[in-house]
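Me: I am new to this structure and would like to learn how to read it. Could you take me through it feature by feature?

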Amino acid sequence: MVEHRPLNDVIAYAILTLGVFIVAFPVYLALIASSHDAGTVIGGHMPLSPGNHTLENYYRAVFVGGSRTSREPVGHMLTNSFISAAGIAVGKIFISILSAYAVVYFRFPFRKTAFWIIFVTLMLPVEVRIYPTYKVVSDLHMLDTYAGLILPLIASATGTLLFRQFFMTIPDELLEASRIDGAGPFRFFWDTLLPLSVTTIAALFVIQFIYGWNQYLWPLLITTQDSMQTIVIGIKKMLTTTDELAEWQLAMATAVLAMLPPVAVVVFMQRLFVRGLVETEK
Amino acid sequence: MEKSAVFNSKLLPYALLVPQLVITFVFFYWPASQALWQSFLREDAFGLSSEFIGFENYEALFAQPEYYKAMLTTVVFSTLVAVLSLAIALLFATQADKNLKAAQVYKTFMIWPYAVAPAVAGVLWIFMFQPSLGTLAQPLRFMGFDWNPLLNGNHAMALVVMAAVWKQISYNFLFFLAGLQSIPKSVIEAGAIDGAGPMRRFWTIVFPLLSPTTFFLLVVNVVYVFFDTFGIIDAVTGGGPAGNTTTLVYKVYADGRLGGDLGGSAAQSVVLMIIVVALTAVQFRYVERKVQY
């Protein structure tokens, strides 16, 4: 038996409370700042308790925009973020489940080659090849379009590897049984494989949605019109006016709005999130 | 590993592969090979003609003092972020591991910063440490410490490191906790029976058993620092002051944005690709075989 010391428990709780405090404090401060008026925040003596300008600040951030900058209001950017994040997640799942199905359940010439062609993309994130990729997207006239925001980011092997791994764990007897029942490749995929893959699909969706929502460098490069900007880009642009002039209470309201959807996904779908995180890293 | 039962269609598998292969070729292989090709060319200012110049772009790149500075910055930044975020996460994970019920609750409290975009995390941290109005900058200045990340390179680096560590703790915590929970209790009890105290048990039993997780996380963290911190750096410092927080990835972006030297920019991309491929090779060579979940 391992000894039990009450003092040990106290220390453990103290350290953990400190941990939660460190993790939560920056966000708490953003929430507080988004509830005060501009003067209180800029004055440098912002209290640590909420003020009473919350509704006004969020209303202005979402629908009106800042008064000192000519930036778009955030409402539009939220829509852009949703469309591109969902597009990236769905696109990745779509192309990768099909290719994994081909690689696992069929035998054909160049099967290994196809797998390696996809596998290599795992190594080079878009950050490494931004300008050449930018050139391609610009040549295809996809700057400032949703296709331009989404398609280059779904070219990755993560999903294919994940589905391949999962398909491998499905017993062969299932395929034999459906073949005896007269099922072809389409029926087997639709009636057997897809229902079995629901959890894997959901886990991948959660991870890729967060990945897509939080993209920064790529949207920064290929969006030139304010109307195509995502919220993560928008918040940074609010601060590019000199710091003293920036409307911090609106910037913080925007930061809170930018965090909310992905954080909600992690907190409410924790089980799927953890599963997706562990499995995509294997 | 191969399936023994398969379909034997001739064309269908190719059709299934087409969407992914097309996307991969258009947005991955084509740009990557363009970068490689361009890194050996010199284009004139109007992009009308180009000539093959061999390794001159690389020679010019490695003759730049700024390039070595960016390399050094990347090494310092990666080391600080990886070591700090691993150490802090391990401390929290070992405490949470002591009580299973509490662990579940703390997990929820600890993991959500993973979902915060790097750029947004950066903005949160500038707000706290903005010299004139930041809630945490004011006590620093009050104590007579001349805190100014906008002018002082070390302060800027400290701020970027803090924001990057803050975001990464949750990920490391999650994997450390899973690693700790998979260590059999009997091993630890055996240590306790032999008279080893908690600290001794940790360093001689738990930490060695955890080393595959630690090594895996080390590689993941380095990759994270290389690429995902772009948003933090751009939001917090924009690579400054005086290039003190310009990492290799940030330099590719910053140099390319100025336009002009396509060949040099391509050469930078190629060097980065080589570094990443080496890192990934290490990851697969050592991590794949040893990590147990």
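Reply: We can start with the domains, whose bounds come from an automatic or database domain assignment. For chain A this assignment gives domain 1 (6–64) and domain 2 (74–278). This is a predicted model, in which local features need pLDDT of at least 70, side-chain atom pairs count only at pLDDT 80 or more, and totals for chains, interfaces and linings use all residues. Residues are numbered from 1 along each chain as its sequence is written, while chains are lettered from A and ligands numbered from 1 in the order in which they are written.

Me: How many residues of domain 1 of chain A are in contact with domain 2 of chain A?

Reply: Two residues are in contact if their C-beta atoms, placed from the backbone, lie within 7 Å. Here 16 residues of domain 1 of chain A are in contact with 12 residues of domain 2 of chain A. On the domain 1 side, H3(A) gives the most, with 6 residues; helices are DSSP runs of H or I with at least four residues, numbered from the N terminus.

Me: How many residues of chain B are in contact with chain A?

Reply: By that criterion, 79 residues of chain B are in contact with 83 residues of chain A. Helix H1 (residues 12–38) of chain B supplies the largest share of the chain B side, 17 residues.

Me: Which residues does A:Ile235 touch?

Reply: Leaving out residues up to four places away in sequence, A:Ile235 touches partners in both chains, among them A:Ala251, A:Ala255, B:Val120 and B:Val123.

Conventions
Helix = DSSP H or I, 4+ residues; strand = E, 2+ residues; numbered from the N terminus.
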